[in-house]
Every structure is written in structure tokens, then in C-alpha cells.
Amino acid sequence: MIKKLNQAFAIKDKVEFIAAENHQVAIKIKTAWSWAVIYLQGAHLTSFERVNDGDFQELIWLSPLAHYQANKAIRGGIPICWPWFGKKLDAPDLAQHGFARSSLFDVKQVNEMSDGKIQLILELKNTKESEVIWPFQFKLEVIFTLGEELSIELKTTNTGDKDFSFSEAIHSYFKVDDIHQTELKGLAGAQYFDQLSQATQQQNGVLIFDQEIDQIYQTANQNNFQSLLIKQQNNQKNNINVSQKNANSTVVWNPWITKAQQMSDFPDDGFLEMLCVEAANTGDGIFLKKDQSHSLSQLVCAPQFYPSV
Ligand code: TA6
């Protein structure tokens with residue numbers, strides 16, 4: 001399989017298919033500005049490292065205890081939650097966050113763009129098995145554009161005759177130096193649903209982190225990018241800029257101590273170095289008629305190397 005993928009899609013010194021953890025197939029991508037790794041299972045990015053004249057910054061947190069098992073999402077990186085976010089209310093026994101993140105994607109396209117960026121399109125379509133769980137015909141394309149920035153687009157197309165609604169999240173785990181010295185700027189004034197207290201609140205100022213947090217912020221579902229800043233007080237060189245487009249929510253999650261201890265694929269102290277900031281369409285999500293499409297996007301960059309363009 002790897003040999004065929006490299007024959008069809010490899011780009012010398014820039015894109016290579018490899019046997020990665022537990023022999024799962026992954027893609028190693030090198031651009032002039034960044035290195036990345038993306039697993040075909042779940043179209044799951046596990047690393048995005050900015051490189052610049054000997055300076056490096058890994059922007060993505062990946063659990064050292066992740067299970068690279070078939071049909072189980074890798075802990076950390078950027079899981080793709082689709083076609084539902086959270087528990088499926090009418091079928092709570094189904095896997096949380098949908099089936100895309102544990103499904104094997106096909107490689108549809110790999111190309112080097114004129115400006116040196118690499119674009120990859122990984123694709124998932126309905127199968128007999130998926131239709132048992134979710135009785136609709138669809139095409140889900142995960143479009144990665146890698147350069148000075150990391151761009152991820154989830155493009156959903158209704159390829160069947162039945163209308164459907166879906167919810168989704170680009171469930172990004174970002175790497176922070178110290179969660180106690182981290183702020184999240186850009187959500188002041190936004191309403192949020194607190195998954196822990198089940199109460200709706202309004203955000204007062206910047207977010208700081210001193211306990212478990214699991215909050216779904218209502219954000220305007222705009223078709224231009226809305227920007228947030230993960231500010232690292234003790235080392236602002238490692239700040240991370242996160243923007244989203246066509247998202248009705250931003251989800252902010254850190255499991256903190258107790259929940260971290262309860263997850264076998266999450267180090268007990270892992271909560272100190274990660275923060276999830278997720279571009280999402282939660283609640284009733286997105287409604288698509290036949291042949292309609294919708295794209296949710298997240299754009300990530302390291303301000304210390306701000307795009308030179
Ligand atoms: O995005 C936040 C959240 O929904 C949390 O409630 C927590 O469950 C997290 O996702 C991780 O979910 P997972 O199924 O990947 O363990």
C-alpha cells in the first residue's frame with residue numbers, strides 16, 4: 001500500500017508515505033517553513049512544526065501514551081469529530097465524536113502549489129457499514145494546506161437524495177509551555193455553555209486555566225476568519241494564533257488532573273502542556289440538501305514566525 005501511495009503521490013524531499021506507529025500509514029510533509037505528520041486513519045494530523053533558520057516550534061500536543069489502534073482515535077494531534085460532536089443524543093451508545101476520526105481515509109490529491117505550500121485532500125465516503133450507523137450518503141474531504149501556516153478545511157457534501165444535518169469539530173490539541181501561564185484571548189463577552197456545570201454563562205475577559213475546563217463558546221458563523229490567541233505568559237515566543245471560519249462554536253477543553261488520570265492514553269501530568277481550542281459546529285449543526293456542501297476551517301500560525309507574505 002505504501003509503495004503504491006508513494007508511486008502515485010510522493011513529492012521528492014517534500015511528501016512521503018511511511019509506516020508509522022503500530023504500522024499505521026502516515027504522510028510526512030516538509031515545506032520550506034514547516035514539517036507535519038498526518039495519519040490516514042482519521043485524517044489525523046499529529047505534528048505541525050514551524051521551522052525557521054534553526055528556530056523550531058511544535059504547535060501541536062501529542063500524547064506519548066497514544067494508542068495507535070485500528071478504530072480508536074489517536075490522543076492528541078487534531079482529531080476530526082464528524083458527523084456528530086460529543087455524544088449522539090438519539091444513539092448514546094455510539095462512539096463519542098462520530099466515526100470519521102477512527103475511519104481510514106483515501107488519498108484524493110497531493111500537490112505542491114506555486115507558492116511552495118503543500119496541499120493534501122483526504123477523503124471519506126459512505127460505506128455499507130457507515131450507513132448502518134448513519135443512514136446517509138456523503139463525501140467528507142479533509143483539505144490540509146501546509147506552509148507558514150496550517151490550514152485545515154472539513155468539506156462535507158451531501159451526495160445522496162436524503163437531506164441530513166451533522167455536527168463537527170476540528171478538535172485541535174495545542175502545545176503550551178505551562179497551562180498555568182497560558183491565556184486564551186478573543187472570547188471576551190461571548191456566551192458559553194459549561195459542559196461541567198450545564199449552565200450558560202458569559203465570558204468575562206481572557207480565559208486563564210487553573211482547573212478542568214470544558215466550555216462551548218457561541219461564535220458568529222461567519223465566512224471570514226475570527227482570530228484567537230493562545231498567549232504563553234512566560235514565553236510569548238511560543239504564542240499560537242488560531243482562527244476559524246464557518247464555525248458556530250469554539251470549544252475549549254483541558255481535562256486537568258482527575259480526568260487526565262482517568263485516561264489510559266493521557267499522561268497524568270499531560271494537562272500541564274496542552275490546551276484544546278476547537279473550531280466546531282455544535283448543537284443542531286449544519287443542514288445539507290442533496291448536492292449541497294459546507295466547509296468548516298481552522299487556520300493556525302506561530303506569530304513569532306509571522307507569515308512573511
Ligand atoms: O471537546 C471537548 C470534549 O467533548 C470533552 O468533553 C472530552 O470528552 C474531549 O472532547 C475528549 O473526548 P475523547 O472522546 O477524545 O476522549
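**Charged pairs, aromatic rings and a ligand site**

At 33% relative accessibility, K259 counts as partly exposed, because the value falls between the cut-offs of 20% and 50%. The model discussed here is predicted. E212 is partly exposed as well, with a relative accessible area of 23%. The side chains of E212 and K259 form a salt bridge, 2.5 Å from N to O. E212 lies in the loop between β16 (207–208) and β17 (213–218), and K259 lies in helix α3, so the bridge ties together parts that are 47 residues apart in sequence.

Side chains of opposite charge can pair when their charged atoms come close. The structure holds 12 salt bridges. One of them joins R75 and D265 at 3.1 Å, N to O. This pair links distant parts of the chain, 190 residues apart. R75 sits in the loop between β5 (55–58) and β6, while D265 sits in the loop between α3 (256–262) and β21 (274–288). R75 has a relative accessible area of 18% and is buried. D265 is buried too, at 3%. Another salt bridge pairs D13 with K12, with the closest N and O atoms 3.6 Å apart. Both D13 and K12 are exposed.

Aromatic rings also pair. A pair of aromatic rings is described by the distance of the centres and the angle of the planes. The structure holds 19 aromatic pairs. In one, the rings of W82 and F166 have centres 6.0 Å apart and planes at 50 degrees, so the pair is tilted. W82 belongs to the loop between β6 (80–81) and β7 (106–112), F166 belongs to strand β11 (residues 164–170), and the two are 84 residues apart. W82 and F166 are both buried. F166 also pairs with F164. Here the centres are 6.1 Å apart and the planes stand at 75 degrees, so the pair is edge-to-face. F164 is buried. Ring pairs link W82, W84, F99, W134, F136, F138, F164 and F166 into a cluster.

The charged end of K88 lies over the ring of W84, 5.5 Å from its centre. The charged end of K30 lies over the ring of W35, 4.9 Å from its centre.

The residues around the ligand include R75, F85, H97, R101, H171 and W253. An oxygen atom of the ligand is 2.8 Å from an N or O atom in the side chain of R101. For H97, the corresponding distance is 3.0 Å. For H171, it is 3.0 Å. The protein covers 83% of the 390 Å² of accessible area that the ligand has on its own.

Definitions and conventions: Residues are numbered from 1 along each chain as its sequence is written. This is a predicted model: local features need pLDDT of at least 70, side-chain atom pairs count only at pLDDT 80 or more; totals for chains, interfaces and linings use all residues. Side-chain values use heavy atoms; hydrogens and water are left out. Rings of Phe, Tyr and Trp (its six-membered ring) pair if their centres lie within 6.5 Å; planes under 30 degrees apart count as stacked, over 60 as edge-to-face and the rest as tilted. Helices (H or I, at least four residues) and strands (E, at least two) are DSSP runs, numbered from the N terminus. Buried means under 20% relative accessible area, exposed over 50%, partly exposed in between (1.4 Å probe, protein chains only). A charge sits over a ring if NZ of Lys or CZ of Arg is within 6 Å of the ring centre and within 35 degrees of the ring normal. A residue is near a molecule or strand if one of its heavy atoms lies within 4 Å of it. A polar contact is a pair of N or O atoms within 3.5 Å; within protein, one must be able to donate a hydrogen and the other to accept it, and residues adjacent in sequence count only if both atoms are side-chain atoms. Accessible areas come from the Shrake-Rupley method with a 1.4 Å probe; for residues, only the protein chains shown count as cover. A salt bridge is a side-chain nitrogen of Lys or Arg within 4 Å of a carboxyl oxygen of Asp or Glu.
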